[in-house]
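Work through the exercises below with the sequence and the model open. Each task is followed by a solution in steps.

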Amino acid sequence: MHTIEADYLVVGAGAMGMAFVDTLVSETDARVVLVDRNHQPGGHWTMAYPFVRLHQPSAFYGVNSLRLGGDSIDQIGWNQGLYELATAAEVCAYYDRVLRHQLLESGRVTYFPMSEYRGDGRFTTLAGTDYTVDATRRVVDATYMHVTVPAMRPPPYPVAPGVTCVPPNDLPKCGAHERYVIVGAGKTGIDTCLWLLGQGIAPDRLTWIMPRDSWLLDRAKMQPGSLFADQIKAGFIAQLRAISDATSVEDLFARLEESGGLLRIDPAVRPTMYRCATVTRLELEALRRIGDVVRLGHLRRIDADRMVLDGGAVARAGRTLYLDCTADGAEKRPATAIFDDGRITLQSVRGCQQIFSAALIAHVEAAYHDDRAKNELCVPLPHPDTDLDWLRLALADYTNQLRWLDDPDLTAWMSAARLDLFGHLIGHLLPPASAKPRVRERILGIAKSVFSATAAKLDELLSEQTPLAAP
């Protein structure tokens, strides 16, 4: 048994673990041991399907200290006119560069890939060597969010012999089939449908198993920089107005959809799911071309000649390829204290912004000294799943933002954090730091008042506690 002394032991070199370690190394002189079960950093990205891209601009992804991509605008494809979206290969190469040139070259990070963490500071490498880390400050759990992609496990339903059912990773190698059945309506299902359509597969050769319809976000309203400033400002103000004017939860969703804040695939079907998935208008138009959408609940088994779902069976003939897109890449995990007696459990503190959350948690760990104060600044937000979770997430986001705006030092840090999507939105509304203090304070006071009223209205709407049911 070998013993290593360090300030922090970080378990997991996925996106959150890397963002945390990057900020910690940038802002402190801490020594870090980074342990991961994969052969390279990047977590689920190392097992992602080859055609996956980010669902948000590369400008908001990765670590704070190193930009991902070149801030270019896509000129072709369904994302044309918007900021680039990194591919899986680009993300993996980026994290490898961050590890080698930002972290290891600091001389304060020791990295153990292909290692299994055993708990209590102990881990075992691929070679069978056992280590114990004497972490003088914290053990950081960067695996709590439990990100899973289809390639990590078999389909969660029985598949009859002779039926081909594969994860999206295998799709480019499977050759031509008469029919393609996409199982799952989350981000992975959307990506798989779009990839097939992009390869020239006719929409009438696709069947989409959609247990629940989802509210989607318009990616055009999540863009950085001055190029989109007016559009982003208008969208943000429209959201505030929709919340302020809403007379009920159902009325709020109607107003958000009317303003373009939320989108849905089928205008005739009211969504009951919300998972922060983004699409462009061009992608939405493409998805709407798929006519064979099966809304009979979850798939329970695949027989040789039919699919059995919660709500009934659907016959299927011909050479069919089933694509399992059902893994829960953003599981709704229960919230737990982030700072707790020698441990840090990384979780989102801003809705669907996991890596910014990890960087913020690292900054709070470095800059503040009392766990109670740290936890007050870092209130975890479980991932959304249902339509009502949009309101819960928005309420938590506005509430957390009010806490952060009350701390000038934290507000200054956030204004320089490239991973902070919401901060970019706020930046379009607030004057720059170079503005006269009185002007900035006055506008900041107005923003706080508006956010406070918005949070109060969301709390009022949530008190209805009436989930929206599909008609």
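**Exercise 1. The disulfide**

What is the handedness of the link of Cys 276 and Cys 352, and what is the angle about the S-S bond?

Solution. Start with the source: this is a predicted model, where local features need pLDDT of at least 70, side-chain atom pairs count only at pLDDT 80 or more, and totals for chains, interfaces and linings use all residues. Residues are numbered from 1 along each chain as its sequence is written, and side-chain values use heavy atoms, with hydrogens and water left out.

Step 1. Apply the rule that a disulfide is a pair of cysteine sulfur atoms within 2.5 Å. A search of the whole structure gives one disulfide. Its partners are Cys 276 and Cys 352, with sulfur atoms 1.6 Å apart.

Step 2. Read the torsion: 50 degrees about the S-S bond, and the link of Cys 276 and Cys 352 is right-handed.

Step 3. Helices (H or I, at least four residues) and strands (E, at least two) are DSSP runs, numbered from the N terminus.

Step 4. Check burial. Cys 276 and Cys 352 are both buried, where buried means under 20% relative accessible area, exposed over 50%, and partly exposed in between (1.4 Å probe, protein chains only).

**Exercise 2. Aromatic pairs**

Classify the ring pair of Phe 112 and Tyr 131, then that of Phe 356 and Trp 404.

Solution. Step 1. Rings of Phe, Tyr and Trp (its six-membered ring) pair if their centres lie within 6.5 Å; planes under 30 degrees apart count as stacked, over 60 as edge-to-face and the rest as tilted. This rule gives twelve aromatic pairs.

Step 1. The ring centres of Phe 112 and Tyr 131 are 4.9 Å apart and the planes stand at 50 degrees, so the pair is tilted. Phe 112 is in strand β3 (residues 109-112) and Tyr 131 in strand β6 (residues 130-141), so the pair ties together parts 19 residues apart in sequence. Phe 112 and Tyr 131 are both buried.

Step 2. For Phe 356 and Trp 404, the centres are 6.4 Å apart and the planes at 75 degrees, so this pair is edge-to-face. It links distant parts of the chain, 48 residues apart, with Phe 356 in helix α7 (residues 354-367) and Trp 404 in helix α9. Both of these residues, Phe 356 and Trp 404, are buried.

**Exercise 3. A buried aspartate**

Where does Asp 213 lie, and which side chain makes a polar contact with its side chain?

Solution. Step 1. Asp 213 is in the loop between β9 (206-209) and β10. It counts as buried because its relative accessibility is 6%.

Step 1. A polar contact is a pair of N or O atoms within 3.5 Å; within protein, one must be able to donate a hydrogen and the other to accept it, and residues adjacent in sequence count only if both atoms are side-chain atoms. The partner of Asp 213 is the side chain of Arg 295, at 2.6 Å.
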